[in-house]
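Me: I would like to go through a structure with you, contact by contact. Could you take my questions as they come?

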Amino acid sequence: MSSKLPNGTTGYKLTKADFQQINRRNLVGFQAGWNYERMQHSGYLWIILPQLRKIYGDNTEALKTACRTQCSPFFNTSNFLNTIITGIDLAIEEEEGIDAMETVASLKTGLMGPMAGIGDALDQGVIIPLIVALGISLA
């Protein structure tokens, strides 16, 4: 895959196995890189790095630019709904490549708040009370 398309990508199309890997890495390491400056941005990059390598190729300038762009904005959202943003992000990068970095940054900024609100409401308002009620009834 040494040949590049005009958009800076290798032309690789993500597969079901790629998305399964994203989900596994999301469960294990999304919060592991949390910090007070940019919150979840390094965990987000860690989740999608194998796919970025497939899309842009290893050790290319396009990959370095994509990684810098992924790490530059503040990112904080629901731990469970972030994969929706991840899927949209990778679909855009897969199609448009390095030309879509501004779109990707805007997408992440625009969706992280609504996804956090929906995810936190579902998690803390529905799932946890349901599990607690089930546990109490079994006690």
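Predicted model: local features only at pLDDT ≥ 70, side-chain atom pairs only at ≥ 80, totals over all residues.

Me: How many aromatic pairs does a search of the whole structure find?

Reply: The search finds 2 aromatic pairs. Rings of Phe, Tyr and Trp (its six-membered ring) pair if their centres lie within 6.5 Å; planes under 30 degrees apart are called stacked, those over 60 edge-to-face, and the rest tilted. Trp34 and Tyr36 make an edge-to-face pair, with 4.8 Å centre to centre and 80 degrees between the planes.

Me: Is Tyr36 buried or exposed?

Reply: Tyr36 is exposed, at 73% relative accessibility, and Trp34 is partly exposed at 33%. Here buried means under 20% relative accessible area, exposed means over 50%, and partly exposed lies in between (1.4 Å probe, protein chains only).

Me: And what about Tyr44 and Phe75?

Reply: Tyr44 and Phe75 form a tilted pair, 4.8 Å centre to centre with 50 degrees between the planes. This pair links distant parts of the chain, 31 residues apart: Tyr44 is in helix α2, and Phe75 is in the loop between α3 (61-71) and α4 (82-96). Helices are DSSP runs (H or I, at least four residues), numbered from the N terminus. Tyr44 is buried at 0% relative accessibility, and Phe75 is buried with a relative accessible area of 0%.

Me: What else does Phe75 touch, leaving aside its neighbours within four places in sequence?

Reply: Its contacts (heavy atoms within 4.5 Å) include Phe30, Met39, Gln40, Ile85 and Met112. Lys108 is a further contact of Phe75 and lies over the face of its ring, at 5.2 Å from the ring centre. For a charge to sit over a ring, NZ of Lys or CZ of Arg must be within 6 Å of the ring centre and within 35 degrees of the ring normal. Arg25 likewise lies over the face of Trp46, at 3.9 Å from the ring centre.

Me: Where is Gln40, then?

Reply: Gln40 is in the loop between α1 (16-29) and α2 (41-56), and is buried with a relative accessible area of 1%. Not counting residues up to four places away in sequence, Gln40 touches residues including Trp34, Phe75 and Asn79.

Me: How many residues are in the largest nonpolar core?

Reply: The largest nonpolar core has 27 residues. Such a core is a set of buried Ala, Val, Leu, Ile, Met, Phe, Trp, Tyr and Cys residues joined through side-chain atoms within 4.5 Å. Tyr44 and Phe75 are among those with the most contacts inside this core, along with Ile48, Leu52, Tyr56, Ile85 and Leu90. At least two core residues come from each of α2, α3, α4 and α5 (101-138), and α2 gives the largest share, 7 residues.

Me: Changing topic: how many salt bridges are found?

Reply: The whole structure has 5 salt bridges, each defined by a side-chain nitrogen of Lys or Arg within 4 Å of a carboxyl oxygen of Asp or Glu. In one of them, Asp18 pairs with Lys54, the closest N and O atoms being 2.6 Å apart. Because Asp18 lies in helix α1 and Lys54 in helix α2, this bridge ties together parts that are 36 residues apart in sequence. Asp18 is buried, with a relative accessible area of 2%, whereas Lys54 is partly exposed at 31%.

Me: Which backbone angles deserve a look?

Reply: Most residues other than glycine have a negative phi. Met39, although not a glycine, has a positive phi of about 60 degrees. Met39 is in the loop between α1 and α2 and is buried, with a relative accessible area of 18%. Asn59 also has a positive phi, of about 55 degrees, without being a glycine. Asn59 is in the loop between α2 and α3 and is exposed at 70% relative accessibility.

Note on methods
Residues numbered from 1 in each chain as written. Heavy atoms only, no water.
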